[in-house]
Amino acid sequence: MTGTVLAPARSTAVSKKVLFPLLLVPMFLGGVDSTLFNSIAYDLPVLTDSWRLWFIDGYTIALASSVVLGSRLGARLGPGVTLATGLFVFALAGASPALLDSATTWTASRFIQGFGYALIVSSVASVIGGLPETSERTLGYSLWITTYAIGAGTGPLIGRAFVGMDAYTMLFWLPAAVALVCGVLATALLRGITLGQASSTKVDVASSALAFVGFGLFVAGLQSHGTAFGRLLATVAGCLVLAVFCTRQLRSRDPLIDVRMLSFSRLGAPSLALVVSSASYTGSVFLFSAEADSILSILPVSVLALCVSLGGFAFHKVQARFTAVHMLQVSLATCAVGLIVAAFVGLWPASFLIGLGVGVSMASGDAYLLGSVPPKDVARAAALQETALAVGAALGVAGFGGIFAATGSVVGTAVITAVIIAVVVAALRCNRGVFKA
(Lines give C-alpha, C1' and ligand atoms only; values in the text may rest on other atoms or scores of the structure.)
Protein backbone atom coordinates (compact mmCIF):
# COMPACT_ATOMS: atom_id res chain seq x y z
CA MET A 1 0.00 0.00 0.00
CA THR A 2 2.74 2.40 0.77
CA GLY A 3 5.21 1.37 -1.89
CA THR A 4 7.98 1.16 0.72
CA VAL A 5 9.79 -1.71 2.38
CA LEU A 6 10.73 -2.62 5.87
CA ALA A 7 14.19 -1.77 7.06
CA PRO A 8 16.29 -4.94 6.68
CA ALA A 9 17.71 -4.63 10.19
CA ARG A 10 14.28 -5.20 11.71
CA SER A 11 12.40 -7.24 9.11
CA THR A 12 13.50 -10.59 10.51
CA ALA A 13 13.77 -9.58 14.18
CA VAL A 14 10.35 -11.06 14.99
CA SER A 15 9.77 -14.77 14.38
CA LYS A 16 7.18 -15.47 11.68
CA LYS A 17 5.45 -17.80 14.16
CA VAL A 18 4.78 -14.70 16.24
CA LEU A 19 4.52 -12.08 13.49
CA PHE A 20 1.86 -13.74 11.34
CA PRO A 21 -0.59 -14.49 14.18
CA LEU A 22 -0.10 -10.98 15.55
CA LEU A 23 -0.98 -9.52 12.15
CA LEU A 24 -3.72 -11.96 11.18
CA VAL A 25 -5.78 -12.00 14.38
CA PRO A 26 -6.80 -8.34 13.73
CA MET A 27 -7.69 -9.36 10.16
CA PHE A 28 -9.94 -12.08 11.57
CA LEU A 29 -11.59 -9.42 13.75
CA GLY A 30 -12.07 -7.26 10.66
CA GLY A 31 -13.65 -10.16 8.78
CA VAL A 32 -16.02 -10.85 11.68
CA ASP A 33 -16.94 -7.16 11.87
CA SER A 34 -17.64 -7.02 8.11
CA THR A 35 -20.66 -9.32 8.55
CA LEU A 36 -21.43 -9.41 12.28
CA PHE A 37 -23.35 -6.16 12.71
CA ASN A 38 -24.78 -6.25 9.18
CA SER A 39 -26.46 -9.51 10.12
CA ILE A 40 -27.90 -8.54 13.55
CA ALA A 41 -28.63 -4.83 13.12
CA TYR A 42 -32.38 -5.45 13.43
CA ASP A 43 -31.88 -7.27 16.74
CA LEU A 44 -29.88 -4.61 18.58
CA PRO A 45 -32.41 -2.89 20.86
CA VAL A 46 -30.77 0.54 20.93
CA LEU A 47 -30.83 0.96 17.14
CA THR A 48 -33.98 2.15 15.40
CA ASP A 49 -34.89 3.23 11.88
CA SER A 50 -31.95 4.61 9.89
CA TRP A 51 -29.63 4.42 12.90
CA ARG A 52 -29.12 0.76 11.95
CA LEU A 53 -27.60 1.87 8.68
CA TRP A 54 -25.54 4.61 10.30
CA PHE A 55 -24.20 2.22 12.92
CA ILE A 56 -22.83 -0.01 10.17
CA ASP A 57 -21.88 2.73 7.72
CA GLY A 58 -20.14 4.93 10.28
CA TYR A 59 -17.42 2.30 10.48
CA THR A 60 -16.98 2.00 6.70
CA ILE A 61 -17.17 5.75 6.06
CA ALA A 62 -14.31 6.34 8.50
CA LEU A 63 -12.39 3.42 6.99
CA ALA A 64 -12.83 4.66 3.42
CA SER A 65 -11.75 8.20 4.22
CA SER A 66 -8.74 7.36 6.38
CA VAL A 67 -7.22 4.07 5.18
CA VAL A 68 -4.67 5.90 3.02
CA LEU A 69 -4.00 8.40 5.81
CA GLY A 70 -3.27 5.41 8.04
CA SER A 71 -0.71 4.21 5.53
CA ARG A 72 0.96 7.62 5.55
CA LEU A 73 1.03 7.69 9.34
CA GLY A 74 2.55 4.22 9.30
CA ALA A 75 5.31 5.44 7.04
CA ARG A 76 6.08 8.29 9.45
CA LEU A 77 5.66 6.58 12.80
CA GLY A 78 6.46 3.01 11.81
CA PRO A 79 3.82 0.33 11.12
CA GLY A 80 4.37 -1.25 14.54
CA VAL A 81 3.41 1.93 16.39
CA THR A 82 0.50 2.57 14.02
CA LEU A 83 -0.76 -1.00 14.37
CA ALA A 84 -0.68 -0.81 18.17
CA THR A 85 -2.44 2.57 18.10
CA GLY A 86 -5.10 1.26 15.74
CA LEU A 87 -5.71 -1.79 17.94
CA PHE A 88 -6.11 0.34 21.07
CA VAL A 89 -8.53 2.71 19.29
CA PHE A 90 -10.42 -0.28 17.85
CA ALA A 91 -10.66 -1.89 21.29
CA LEU A 92 -11.80 1.21 23.20
CA ALA A 93 -14.32 2.30 20.58
CA GLY A 94 -15.53 -1.26 20.07
CA ALA A 95 -16.29 -1.75 23.76
CA SER A 96 -18.01 1.64 24.14
CA PRO A 97 -21.53 0.57 23.03
CA ALA A 98 -21.62 -1.94 25.90
CA LEU A 99 -21.48 1.04 28.29
CA LEU A 100 -23.67 3.45 26.31
CA ASP A 101 -27.41 3.47 25.72
CA SER A 102 -28.22 5.73 22.78
CA ALA A 103 -28.11 5.26 19.02
CA THR A 104 -26.13 8.48 18.61
CA THR A 105 -23.31 7.44 20.92
CA TRP A 106 -23.25 3.93 19.47
CA THR A 107 -22.86 5.37 15.99
CA ALA A 108 -20.16 7.82 17.08
CA SER A 109 -18.17 4.95 18.56
CA ARG A 110 -18.41 3.10 15.26
CA PHE A 111 -16.93 6.06 13.39
CA ILE A 112 -13.98 6.04 15.80
CA GLN A 113 -13.62 2.27 15.52
CA GLY A 114 -13.52 2.54 11.72
CA PHE A 115 -10.60 4.95 11.98
CA GLY A 116 -8.84 2.48 14.28
CA TYR A 117 -9.33 -0.32 11.77
CA ALA A 118 -7.96 1.91 8.99
CA LEU A 119 -4.74 2.17 10.99
CA ILE A 120 -4.74 -1.60 11.49
CA VAL A 121 -5.30 -2.66 7.90
CA SER A 122 -2.79 -0.17 6.48
CA SER A 123 -0.16 -1.28 8.99
CA VAL A 124 -0.69 -4.98 8.29
CA ALA A 125 -0.40 -4.32 4.55
CA SER A 126 2.84 -2.41 5.12
CA VAL A 127 4.42 -5.09 7.29
CA ILE A 128 3.49 -7.99 4.99
CA GLY A 129 4.46 -6.01 1.89
CA GLY A 130 7.83 -5.22 3.46
CA LEU A 131 8.84 -8.82 4.19
CA PRO A 132 12.19 -9.50 2.49
CA GLU A 133 11.32 -12.76 0.70
CA THR A 134 8.72 -13.09 -2.08
CA SER A 135 7.57 -16.42 -0.63
CA GLU A 136 6.96 -14.76 2.75
CA ARG A 137 4.92 -11.97 1.18
CA THR A 138 2.87 -14.46 -0.85
CA LEU A 139 2.22 -16.55 2.24
CA GLY A 140 1.30 -13.46 4.23
CA TYR A 141 -1.23 -12.22 1.68
CA SER A 142 -2.73 -15.71 1.25
CA LEU A 143 -3.14 -16.10 5.01
CA TRP A 144 -4.62 -12.59 5.19
CA ILE A 145 -7.33 -13.39 2.63
CA THR A 146 -8.10 -16.77 4.18
CA THR A 147 -8.24 -15.41 7.72
CA TYR A 148 -10.48 -12.50 6.73
CA ALA A 149 -12.82 -14.84 4.82
CA ILE A 150 -13.11 -17.23 7.78
CA GLY A 151 -13.91 -14.29 10.03
CA ALA A 152 -16.54 -13.01 7.61
CA GLY A 153 -18.11 -16.47 7.41
CA THR A 154 -18.31 -16.90 11.17
CA GLY A 155 -19.48 -13.34 11.92
CA PRO A 156 -23.22 -13.97 11.31
CA LEU A 157 -23.11 -17.23 13.28
CA ILE A 158 -21.40 -15.57 16.25
CA GLY A 159 -23.83 -12.68 16.15
CA ARG A 160 -26.93 -14.85 15.96
CA ALA A 161 -25.67 -17.13 18.74
CA PHE A 162 -25.10 -14.29 21.21
CA VAL A 163 -28.31 -12.50 20.26
CA GLY A 164 -30.19 -15.78 20.77
CA MET A 165 -28.73 -15.98 24.30
CA ASP A 166 -29.69 -12.32 24.92
CA ALA A 167 -26.00 -11.56 25.45
CA TYR A 168 -25.42 -9.11 22.62
CA THR A 169 -23.17 -6.90 24.78
CA MET A 170 -20.54 -9.65 24.61
CA LEU A 171 -20.28 -8.86 20.89
CA PHE A 172 -18.67 -5.59 21.96
CA TRP A 173 -16.57 -6.86 24.86
CA LEU A 174 -14.98 -9.93 23.26
CA PRO A 175 -13.49 -8.34 20.09
CA ALA A 176 -12.33 -5.40 22.21
CA ALA A 177 -10.54 -7.73 24.62
CA VAL A 178 -8.79 -9.57 21.77
CA ALA A 179 -7.77 -6.28 20.12
CA LEU A 180 -6.45 -4.97 23.44
CA VAL A 181 -4.24 -8.03 23.95
CA CYS A 182 -2.95 -7.75 20.37
CA GLY A 183 -2.26 -4.06 20.93
CA VAL A 184 -0.13 -4.81 23.99
CA LEU A 185 1.81 -7.49 22.08
CA ALA A 186 2.28 -5.18 19.06
CA THR A 187 3.63 -2.47 21.36
CA ALA A 188 6.11 -4.89 22.90
CA LEU A 189 7.24 -6.71 19.74
CA LEU A 190 6.76 -4.43 16.71
CA ARG A 191 7.38 -0.87 17.85
CA GLY A 192 10.93 -0.88 16.39
CA ILE A 193 9.87 -1.78 12.84
CA THR A 194 10.25 1.19 10.50
CA LEU A 195 9.65 1.94 6.83
CA GLY A 196 12.17 3.33 4.42
CA GLN A 197 11.74 6.77 2.81
CA ALA A 198 9.26 7.81 5.48
CA SER A 199 10.31 11.45 5.37
CA SER A 200 9.10 11.77 1.77
CA THR A 201 5.54 10.81 2.68
CA LYS A 202 3.07 13.63 3.26
CA VAL A 203 0.42 13.25 5.97
CA ASP A 204 -2.52 15.21 4.57
CA VAL A 205 -5.05 15.36 7.40
CA ALA A 206 -7.06 18.14 5.71
CA SER A 207 -7.72 16.01 2.63
CA SER A 208 -8.74 13.07 4.78
CA ALA A 209 -11.16 15.31 6.68
CA LEU A 210 -12.68 16.55 3.42
CA ALA A 211 -13.11 12.97 2.20
CA PHE A 212 -14.72 12.01 5.52
CA VAL A 213 -17.22 14.89 5.51
CA GLY A 214 -18.00 14.68 1.79
CA PHE A 215 -18.48 10.93 1.70
CA GLY A 216 -20.45 10.99 4.95
CA LEU A 217 -22.88 13.57 3.56
CA PHE A 218 -23.21 11.65 0.30
CA VAL A 219 -24.06 8.44 2.17
CA ALA A 220 -26.53 10.39 4.31
CA GLY A 221 -28.42 11.17 1.13
CA LEU A 222 -28.87 7.46 0.49
CA GLN A 223 -30.18 6.74 3.97
CA SER A 224 -33.86 6.49 4.87
CA HIS A 225 -33.49 8.84 7.86
CA GLY A 226 -34.99 12.34 7.48
CA THR A 227 -37.09 14.06 4.85
CA ALA A 228 -36.55 13.62 1.13
CA PHE A 229 -35.51 17.28 0.79
CA GLY A 230 -33.00 16.93 3.63
CA ARG A 231 -31.47 13.85 2.02
CA LEU A 232 -31.24 15.68 -1.29
CA LEU A 233 -29.42 18.58 0.37
CA ALA A 234 -27.04 16.14 2.04
CA THR A 235 -26.26 14.51 -1.31
CA VAL A 236 -25.62 17.86 -3.00
CA ALA A 237 -23.46 19.08 -0.12
CA GLY A 238 -21.52 15.82 -0.16
CA CYS A 239 -20.85 16.14 -3.87
CA LEU A 240 -19.63 19.72 -3.40
CA VAL A 241 -17.25 18.76 -0.59
CA LEU A 242 -15.95 15.81 -2.62
CA ALA A 243 -15.40 18.19 -5.54
CA VAL A 244 -13.24 20.36 -3.26
CA PHE A 245 -11.39 17.20 -2.20
CA CYS A 246 -10.76 16.23 -5.83
CA THR A 247 -9.55 19.73 -6.69
CA ARG A 248 -7.14 19.62 -3.76
CA GLN A 249 -5.82 16.25 -4.92
CA LEU A 250 -5.33 17.47 -8.48
CA ARG A 251 -3.20 20.35 -7.23
CA SER A 252 -1.14 18.26 -4.82
CA ARG A 253 2.28 16.90 -5.74
CA ASP A 254 1.74 14.01 -3.35
CA PRO A 255 -2.04 13.39 -3.41
CA LEU A 256 -3.77 11.25 -0.83
CA ILE A 257 -5.82 9.67 -3.64
CA ASP A 258 -4.64 10.37 -7.17
CA VAL A 259 -8.01 11.25 -8.71
CA ARG A 260 -6.36 11.60 -12.11
CA MET A 261 -6.47 7.81 -12.18
CA LEU A 262 -10.25 7.81 -11.72
CA SER A 263 -11.39 8.75 -15.20
CA PHE A 264 -13.30 5.95 -16.94
CA SER A 265 -10.18 4.35 -18.27
CA ARG A 266 -8.07 1.27 -17.75
CA LEU A 267 -8.00 2.12 -14.04
CA GLY A 268 -11.42 3.73 -13.70
CA ALA A 269 -13.28 0.69 -15.02
CA PRO A 270 -11.87 -1.87 -12.56
CA SER A 271 -12.23 0.70 -9.75
CA LEU A 272 -15.92 0.97 -10.57
CA ALA A 273 -16.16 -2.83 -10.57
CA LEU A 274 -14.52 -2.97 -7.13
CA VAL A 275 -17.00 -0.44 -5.72
CA VAL A 276 -19.99 -2.32 -7.14
CA SER A 277 -18.79 -5.78 -6.09
CA SER A 278 -17.98 -4.59 -2.56
CA ALA A 279 -21.40 -2.91 -2.35
CA SER A 280 -23.08 -6.09 -3.57
CA TYR A 281 -21.37 -8.04 -0.81
CA THR A 282 -22.14 -5.81 2.17
CA GLY A 283 -25.60 -4.92 0.89
CA SER A 284 -26.54 -8.56 0.35
CA VAL A 285 -25.36 -9.51 3.84
CA PHE A 286 -27.54 -6.75 5.30
CA LEU A 287 -30.54 -7.62 3.12
CA PHE A 288 -30.45 -11.38 3.67
CA SER A 289 -30.21 -10.84 7.43
CA ALA A 290 -33.23 -8.56 7.64
CA GLU A 291 -35.66 -11.42 8.26
CA ALA A 292 -33.30 -13.94 9.87
CA ASP A 293 -34.23 -15.05 13.37
CA SER A 294 -32.07 -18.13 14.04
CA ILE A 295 -28.65 -19.61 13.35
CA LEU A 296 -30.18 -21.82 10.64
CA SER A 297 -31.74 -18.87 8.84
CA ILE A 298 -28.47 -16.93 8.97
CA LEU A 299 -26.41 -19.76 7.45
CA PRO A 300 -26.86 -18.49 3.85
CA VAL A 301 -25.12 -15.26 4.88
CA SER A 302 -22.14 -17.24 6.14
CA VAL A 303 -22.13 -19.21 2.89
CA LEU A 304 -22.11 -15.94 0.94
CA ALA A 305 -19.11 -14.65 2.86
CA LEU A 306 -17.14 -17.89 2.48
CA CYS A 307 -17.96 -18.10 -1.25
CA VAL A 308 -16.21 -14.76 -1.76
CA SER A 309 -12.91 -16.47 -1.00
CA LEU A 310 -13.95 -19.33 -3.31
CA GLY A 311 -14.48 -16.76 -6.06
CA GLY A 312 -11.00 -15.37 -5.51
CA PHE A 313 -9.57 -18.88 -5.82
CA ALA A 314 -11.59 -19.50 -9.00
CA PHE A 315 -10.22 -16.31 -10.56
CA HIS A 316 -6.63 -17.44 -10.18
CA LYS A 317 -7.51 -20.73 -11.88
CA VAL A 318 -9.17 -19.22 -14.96
CA GLN A 319 -7.56 -15.79 -15.38
CA ALA A 320 -5.23 -17.00 -18.14
CA ARG A 321 -8.19 -18.08 -20.31
CA PHE A 322 -10.30 -14.92 -20.28
CA THR A 323 -9.75 -11.19 -20.69
CA ALA A 324 -10.14 -8.77 -17.81
CA VAL A 325 -13.24 -7.11 -19.20
CA HIS A 326 -14.97 -10.47 -19.70
CA MET A 327 -14.11 -11.54 -16.15
CA LEU A 328 -15.53 -8.32 -14.71
CA GLN A 329 -18.68 -8.45 -16.84
CA VAL A 330 -19.46 -12.10 -16.14
CA SER A 331 -18.73 -11.87 -12.41
CA LEU A 332 -20.88 -8.76 -11.90
CA ALA A 333 -23.63 -10.31 -14.03
CA THR A 334 -23.43 -13.35 -11.74
CA CYS A 335 -24.06 -11.04 -8.77
CA ALA A 336 -27.12 -9.61 -10.51
CA VAL A 337 -28.44 -13.09 -11.31
CA GLY A 338 -27.83 -14.08 -7.70
CA LEU A 339 -30.00 -11.22 -6.48
CA ILE A 340 -32.81 -12.26 -8.85
CA VAL A 341 -32.50 -15.81 -7.56
CA ALA A 342 -32.71 -14.46 -4.00
CA ALA A 343 -35.93 -12.67 -4.91
CA PHE A 344 -37.74 -15.55 -6.59
CA VAL A 345 -35.99 -18.84 -5.73
CA GLY A 346 -34.16 -18.81 -2.39
CA LEU A 347 -31.21 -17.57 -0.40
CA TRP A 348 -29.05 -20.70 -0.54
CA PRO A 349 -28.38 -20.71 -4.31
CA ALA A 350 -28.36 -16.90 -4.30
CA SER A 351 -25.64 -16.80 -1.65
CA PHE A 352 -23.44 -19.11 -3.72
CA LEU A 353 -23.91 -17.05 -6.91
CA ILE A 354 -23.41 -13.65 -5.26
CA GLY A 355 -20.40 -14.81 -3.25
CA LEU A 356 -18.76 -16.39 -6.30
CA GLY A 357 -19.45 -13.32 -8.43
CA VAL A 358 -18.16 -10.90 -5.79
CA GLY A 359 -15.02 -12.98 -5.23
CA VAL A 360 -14.15 -13.15 -8.92
CA SER A 361 -14.90 -9.48 -9.59
CA MET A 362 -12.84 -8.32 -6.58
CA ALA A 363 -9.91 -10.53 -7.53
CA SER A 364 -9.99 -9.56 -11.20
CA GLY A 365 -10.44 -5.87 -10.40
CA ASP A 366 -7.51 -5.98 -7.97
CA ALA A 367 -5.29 -7.85 -10.40
CA TYR A 368 -6.02 -5.55 -13.31
CA LEU A 369 -5.82 -2.36 -11.29
CA LEU A 370 -2.45 -3.21 -9.77
CA GLY A 371 -1.08 -5.08 -12.75
CA SER A 372 -1.68 -2.46 -15.43
CA VAL A 373 0.45 0.30 -13.90
CA PRO A 374 4.23 0.70 -13.88
CA PRO A 375 6.06 -0.13 -10.63
CA LYS A 376 6.35 3.55 -9.68
CA ASP A 377 2.54 3.88 -9.65
CA VAL A 378 1.68 0.70 -7.75
CA ALA A 379 1.39 2.52 -4.41
CA ARG A 380 -1.09 5.03 -5.86
CA ALA A 381 -3.09 2.24 -7.50
CA ALA A 382 -3.15 0.29 -4.21
CA ALA A 383 -4.50 3.36 -2.40
CA LEU A 384 -7.21 3.61 -5.04
CA GLN A 385 -7.99 -0.09 -4.66
CA GLU A 386 -8.34 0.01 -0.86
CA THR A 387 -10.47 3.14 -1.02
CA ALA A 388 -12.75 1.69 -3.72
CA LEU A 389 -13.43 -1.41 -1.62
CA ALA A 390 -14.18 0.64 1.51
CA VAL A 391 -16.40 3.08 -0.41
CA GLY A 392 -18.34 0.15 -1.88
CA ALA A 393 -18.79 -1.37 1.57
CA ALA A 394 -20.48 1.82 2.84
CA LEU A 395 -22.57 2.39 -0.27
CA GLY A 396 -23.83 -1.18 -0.24
CA VAL A 397 -25.35 -0.96 3.24
CA ALA A 398 -26.72 2.54 2.65
CA GLY A 399 -28.08 1.71 -0.81
CA PHE A 400 -29.60 -1.68 -0.05
CA GLY A 401 -30.83 -0.47 3.34
CA GLY A 402 -32.38 2.68 1.90
CA ILE A 403 -34.19 0.77 -0.85
CA PHE A 404 -35.37 -1.84 1.66
CA ALA A 405 -36.71 0.88 3.95
CA ALA A 406 -38.58 2.45 1.02
CA THR A 407 -40.00 -0.77 -0.43
CA GLY A 408 -40.32 -2.85 2.74
CA SER A 409 -39.57 -5.89 0.61
CA VAL A 410 -36.55 -8.15 0.18
CA VAL A 411 -37.84 -9.10 -3.26
CA GLY A 412 -38.21 -5.51 -4.45
CA THR A 413 -34.81 -4.50 -3.07
CA ALA A 414 -33.08 -7.47 -4.71
CA VAL A 415 -34.66 -6.76 -8.10
CA ILE A 416 -33.88 -3.03 -8.03
CA THR A 417 -30.24 -3.57 -7.05
CA ALA A 418 -29.88 -6.31 -9.67
CA VAL A 419 -31.01 -3.82 -12.32
CA ILE A 420 -28.46 -1.26 -11.09
CA ILE A 421 -25.68 -3.86 -11.32
CA ALA A 422 -26.86 -4.80 -14.83
CA VAL A 423 -26.51 -1.14 -15.87
CA VAL A 424 -22.91 -1.16 -14.62
CA VAL A 425 -22.24 -4.35 -16.59
CA ALA A 426 -23.63 -2.67 -19.71
CA ALA A 427 -21.39 0.36 -19.10
CA LEU A 428 -18.34 -1.89 -18.86
CA ARG A 429 -19.32 -3.64 -22.05
CA CYS A 430 -19.80 -0.38 -23.96
CA ASN A 431 -16.38 0.85 -22.76
CA ARG A 432 -14.49 -2.43 -23.01
CA GLY A 433 -12.04 -0.84 -25.42
CA VAL A 434 -10.34 1.00 -22.53
CA PHE A 435 -8.89 -2.32 -21.37
CA LYS A 436 -6.90 -2.54 -24.59
CA ALA A 437 -5.65 1.05 -24.57
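Which residues in α3 meet which residues in α8? Trp54, Asp57, Ile61, Ala62, Ala64, Ser65, Ser66 and Leu69 in α3 meet Val205, Ser208, Ala211, Phe212, Phe215, Gly216, Val219 and Ala220 in α8, where contact means heavy atoms within 4.5 Å. By class, the residues of this contact divide into eleven nonpolar, four polar and one charged. Ala, Val, Leu, Ile, Met, Phe, Trp, Tyr, Cys and Pro count as nonpolar, Asp, Glu, Lys and Arg as charged, and the others, Gly among them, as polar.

This is a predicted model, in which local features need pLDDT of at least 70 and side-chain atom pairs count only at pLDDT 80 or more, while totals for chains, interfaces and linings use all residues. Residues are numbered from 1 along each chain as its sequence is written, and side-chain values use heavy atoms, with hydrogens and water left out. Helices (H or I, at least four residues) and strands (E, at least two) are DSSP runs, numbered from the N terminus.

Helix α3 covers residues 51-77, and the loop between α2 (16-40) and α3 holds Ala41. Ala41 is buried, because its relative accessibility is 1%; buried means under 20% relative accessible area, exposed over 50%, and partly exposed in between (1.4 Å probe, protein chains only). Leaving aside neighbours within four places in sequence, Ala41 is in contact with Leu47, Arg52, Ile56 and Phe286. The C-alpha atoms of Ala41 and Ser289 are separated by 8.4 Å, although these residues are 248 residues apart along the chain.

In α3, 23 of the 27 residues are buried, so the helix is largely enclosed by the rest of the structure. A kink of about 50° is centred on Ser66 in α3, the bend at a residue being the angle between axes fitted to the seven residues ending there and the seven starting there. Gly78 follows α3 and has a positive phi, near 100°.

**Helix pairs**

Two packed helices are described by the angle between their axes and the distance between the axes. Axes are lines fitted to C-alpha atoms, for helices over the stretch in contact, and angles run from 0 to 180 degrees between N-to-C directions.

| Helix pair | Angle | Axis distance |
|---|---|---|
| α3 and α8 (residues 205-222) | about 150° | 9 Å |
| α4 (residues 79-95) and α7 | about 160° | 8 Å |
| α10 (residues 268-288) and α14 (residues 378-407) | about 40° | 6 Å |

Angles under 35 degrees count as roughly parallel, over 145 as roughly antiparallel, 65 to 115 as roughly perpendicular and the rest as oblique. α3 and α8 are therefore roughly antiparallel, and their crossing is right-handed. A crossing is left-handed if the near helix is turned anticlockwise from the far one by less than a right angle, and right-handed if clockwise.

α4 and α7 are also roughly antiparallel, with a left-handed crossing. Residues of α4 in this contact include Leu83, Phe88 and Gly94, and those of α7 include Phe172, Trp173 and Cys182. The contact of α4 with α7 has 15 nonpolar, three polar and no charged residues.

α10 and α14 are oblique to each other, and α10 passes α14 in a right-handed crossing. Their contact has 14 nonpolar, ten polar and no charged residues.

**An exposed loop residue**

Asp166 lies in the loop between α6 (134-164) and α7 (170-189). With 64% relative accessibility, Asp166 counts as exposed. Most residues other than glycine have a negative phi. Asp166 is not a glycine, yet its phi is positive, about 60°.
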